[in-house]
Amino acid sequence: RINWDIQKAVQRYVQPFLKEISSLADFVIDTQVLHYVSSDLAPKRQGEEFHLHESQLPLMVNPLESALGSYTSNLSTLHFIVYVPPASQSPLLVVDRDSQPVESNAFVVHRWGSVLLHNVNSTDSQPDTAHTLSADLMARMMSTFVSHLKSLLGNVALPKTLSKEITAMSTGTAMSYWEWNNLLLSRTV
């Protein structure tokens, strides 16, 4: 079991971004907690860790999607999922084509959404006790989701060297001027 204040996290970390882009689109956020959803993937054991290679990641979406509540709508839907693997497959890491762990331990499925893998340290909690996600951890998760939402909306990630320079010139808002301009251009041209 996991305790988290998802509504507070969304309000604090995601809503400021959505407010900034509200002239572009209307967003509605619904939350849902699912228990005992299997990924149906066989991660590769590497020592004490389990690895999901980036080529396997899109296959993880089908079982997750079938477990989600179905909504009938003509509107586009994006999913942002925190997946907690079973203890028997933990820690579960997303690895890139060079078999290096992805820093965010998350991935984007274009036109569908994002999945973040969160490993619960089995030594930190007993099976019958709830694991509470800290405010810092929630901030990192929501930051990953906002970054993925930007990508899903059409903003491209900058190379790390250029990204550092532009971040230094940032306005302190959820979206920089260049990101906003890029997003507007991609939606209007």
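**View 1. Asn 3 in strand E1.** Asn 3 is part of strand E1, residues 2–3; strands (E, at least two residues) and helices (H or I, at least four) are DSSP runs, numbered from the N terminus. This is a predicted model, in which local features need pLDDT of at least 70 and side-chain atom pairs count only at pLDDT 80 or more, while totals for chains, interfaces and linings use all residues. Residues are numbered from 1 along each chain as its sequence is written, and side-chain values use heavy atoms, with hydrogens and water left out. Asn 3 counts as partly exposed because its relative accessibility is 41%; buried means under 20% relative accessible area, exposed over 50%, and partly exposed in between (1.4 Å probe, protein chains only). Leaving aside residues up to four places away in sequence, Asn 3 touches Ala 130, His 131, Thr 132 and Leu 133, where contact means heavy atoms within 4.5 Å. Asn 3 and His 131 are 128 residues apart in sequence, but their C-alpha atoms are 5.9 Å apart in space.

**View 2. The open sheet E4-E7-E6.** Three strands make up an open sheet in the order E4-E7-E6, with mixed pairing; two strands pair if DSSP finds at least two bridges between them. Strands E4 (79–83) and E6 are at the edges and each has a single partner strand, so one side of each has no neighbour in the sheet. From one strand to the next, the twist averages 15°. Angles run from 0 to 180 degrees between N-to-C directions, and axes are lines fitted to C-alpha atoms, for helices over the stretch in contact.

View 3. Strand E6 (residues 106–109) runs antiparallel to strand E7 (residues 113–117), and four bridges join them. Phe 107 has Val 115 as its bridge partner in E7, and Val 108 has Ser 114. In a regular strand the side chains alternate between the two faces of the sheet. Three residues lie between the strands of this hairpin, and Arg 111 in the turn has a positive phi of about 70°.

**View 4. Helices H2 and H3 against the sheet.** Helix H2 (residues 57–67) packs on the sheet and touches E4, E6 and E7, its direction making about 95° with that of E4. Helix H3 also lies across E4, E6 and E7, at about 145° to E4. H3 covers residues 135–153, which is 19 residues, and spans 26 Å from its first C-alpha to its last, close to the expected 27 Å; the expected span is 1.5 Å times one less than the number of residues. Among the buried residues of H3 are Leu 137, Met 138, Met 141, Met 142, Phe 145, Leu 149 and Leu 152. Residues three or four places apart in an α-helix point the same way, because there are 3.6 residues a turn.

View 5. Most residues other than glycine have a negative phi, and most peptide bonds are trans. The peptide bond from Ser 90 to Pro 91 is cis, with omega near 5°; Pro 91 is in the loop between E4 and strand E5 (92–95). The loop between E5 and E6 holds Ser 99 and Asn 105. Ser 99 is not a glycine but has a positive phi of about 60°, and Asn 105 has a positive phi near 55°. Ser 99 counts as partly exposed because its relative accessibility is 42%, whereas Asn 105 counts as buried because its value is 9%.
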